[in-house]
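Please find below my note on the structure you sent. The points follow in numbered order.

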Amino acid sequence: MTAMTDEEFGEFVLAAWPGLYRTAYLMLGDHQLAEDLVQTSLAKTYASWRKVKEPAAATAYARVVLANTAASWFRRRGWRNEHPTEVLPDVGVEHDPSTRTAVVDALATLAPRQRAVVVLRYYDDLSVREVAHALGISEGTVKSQTSDALGRLRELLVDEEVPAAPVTEVLAGGRAIKRRRRTAVAVAGAVVAIVLAAGTLAVLDRADDTPEPARTPDETAYLELGAWARGDEVHIGNHTAVVPGTAGLHYSSAGVVVETDDHTFVLVTPAGDVQPLDLDLTSDTEFPGPGATVATDVTEPYLAYVRMTADTTGQLTVRDLTTGDETAVGEPFDAGDHFGTVYSLWDDQVYYIGGQEGRMVDWRTGTTLTYPEIDGFVFVRGGLGHGVTFGTDADQQNWVVGSRADDSTLLTVPIHDTFYGQASLSPDGRYLAAASEGDDGFDVYAVASGESVHLGGDRDVGDYGWTPDGHLVGKEYPTQRSEVEVCAPTTGTCRGTGTTVGGPLTVVGEAVASNGF
């Protein structure tokens with residue numbers, strides 16, 4: 001969408017405000033909080049206007065932002081399902097106050113996700129697919145949550161008086177957000193969680209009982225198809241979730257951890273559900289970007305990060321993504337402005353920057369471990385993988401994969417372009433993809449055997465990532481609209497996923513260059 005003037009955005013605010021306000025009130029049950037929510041959401045929409053591709057999609061995008069913002073409020077404020085709600089005021093229309101109170105009270109008994117689903121499904125009149133897209137959950141979850149909610153609710157909620165839209169405040173808030181984003185590289189940390197939504201409702205007794213087609217189980221689809229993103233849409237196995245500002249992806253056995261452009265993190269499960277992580281972490285402010293502060297293990301449900309406890313004091317922390325439990329590892333340290341970065345998590349080993357130095361530790365016991373030191377070996381960024389080390393030789397003539405168990409060399413591959421040769425290691429450490437000689441595609445090597453296959457055509461190693469089980473995922477024509485494909489690392493055979501998108505993808509397993517990483 002082309003840039004719009006403040007006057008034009010003000011007109012959009014006036015048009016969208018009533019519907020968004022009613023949705024917000026149904027979610028929160030409080031008029032003042034509803035106003036605050038809509039104003040905040042529209043300010044965020046203003047700051048992210050470039051992501052709105054079509055004018056007709058603007059209100060839908062603002063609704064997604066509103067839903068995610070409301071959910072983060074619920075978590076930060078510690079609200080529960082029993083959060084008290086006020087009696088709706090008399091606005092000069094003769095409605096039955098007892099009925100009005102009964103409905104609001106009924107809404108407050110629903111779980112946050114149930115309230116959000118019913119509000120968007122029946123009040124905003126969205127389809128099952130649209131609700132799933134807006135909240136970042138699967139269509140099956142929408143149906144089950146709707147069924148549960150409708151089993152408890154049978155009242156209709158009438159329209160309420162809508163306050164005037166504060167256009168000036170929205171624009172001011174949006175400009176402030178844009179200023180903060182422009183200066184984000186000079187700020188350590190971020191604490192805003194992007195969550196799936198919470199809310200309240202208006203109900204019609206309607207249900208969509210259309211059976212879903214048989215398909216690969218979610219866990220299997222996640223392993224085989226992996227995760228990739230285009231814009232704010234995160235595709236994981238069978239499902240698509242919406243995570244505004246998606247910037248990076250990290251695999252774990254519990255699902256893919258998504259990092260956003262304002263440095264917050266959420267977990268998208270193989271079932272397509274979005275869960276907030278609410279990490280109190282420090283940023284590598286000099287070199288911000290995906291993967292700068294957290295590490296995951298593709299075979300385990302853990303995430304390692306440096307939690308900020310006070311000022312610049314950091315604490316290495318490992319979180320269980322399935323339970324939310326956290327383990328503090330070792331003693332707190334002075335993280336400073338540029339340190340506190342976790343580079344790798346493999347099995348029990350965590351490599352991180354603690355203060356001014358690199359440290360390796362067994363996070364279960366707190367025991368300090370010896371960092372791998374291999375003669376003539378230069379680590380690349382992200383060069384500690386699952387059971388392996390990854391880098392170049394001293395002269396930067398070869399890619400080298402070594403064993404973390406005994407520091408032995410497992411694979412050596414020539415770097416055909418010593419200035420800007422690229423390669424990437426699969427998350428499980430079994431395969432290496434490296435640019436081939438010439439401009440025709442790239443080669444994929446089995447680390448254990450050294451055998452390779454060639455993926456030709458208009459394929460670039462920098463445009464392909466990995467699935468959890470070691471397949472490649474990407475597009476043959478990265479700058480054009482083309483089908484996303486998954487390729488076998490042992491045969492080079494590729495199959496389409498049925499999804500066609502334009503432009504490059506965000507993938508797991510970012511390629512690194514040989515000339516300075």
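Is the disulfide of C487 and C494 right-handed or left-handed?

1. The torsion about the S-S bond of C487 and C494 is about 110 degrees, and the disulfide is therefore right-handed. Please note that this is a predicted model, in which local features need pLDDT of at least 70, side-chain atom pairs count only at pLDDT 80 or more, and totals for chains, interfaces and linings use all residues. Residues are numbered from 1 along each chain as its sequence is written, and side-chain values use heavy atoms, with hydrogens and water left out.

2. One disulfide (a pair of cysteine sulfur atoms within 2.5 Å) is found in a search of the whole structure. The sulfur atoms of C487 and C494 lie 2.0 Å apart. C487 is buried, at 0% relative accessible area, whereas C494 is partly exposed, at 27%. Buried means under 20% relative accessible area, exposed over 50%, and partly exposed in between (1.4 Å probe, protein chains only).

3. Helices are DSSP runs (H or I, at least four residues), numbered from the N terminus.

4. Leaving aside residues up to four places away in sequence, L42 touches F9, F12, V13, W17, L20, A62 and V170; contact means heavy atoms within 4.5 Å. The buried residues of α2 include L37, V38, S41 and L42.

How values were computed: Helices (H or I, at least four residues) and strands (E, at least two) are DSSP runs, numbered from the N terminus.
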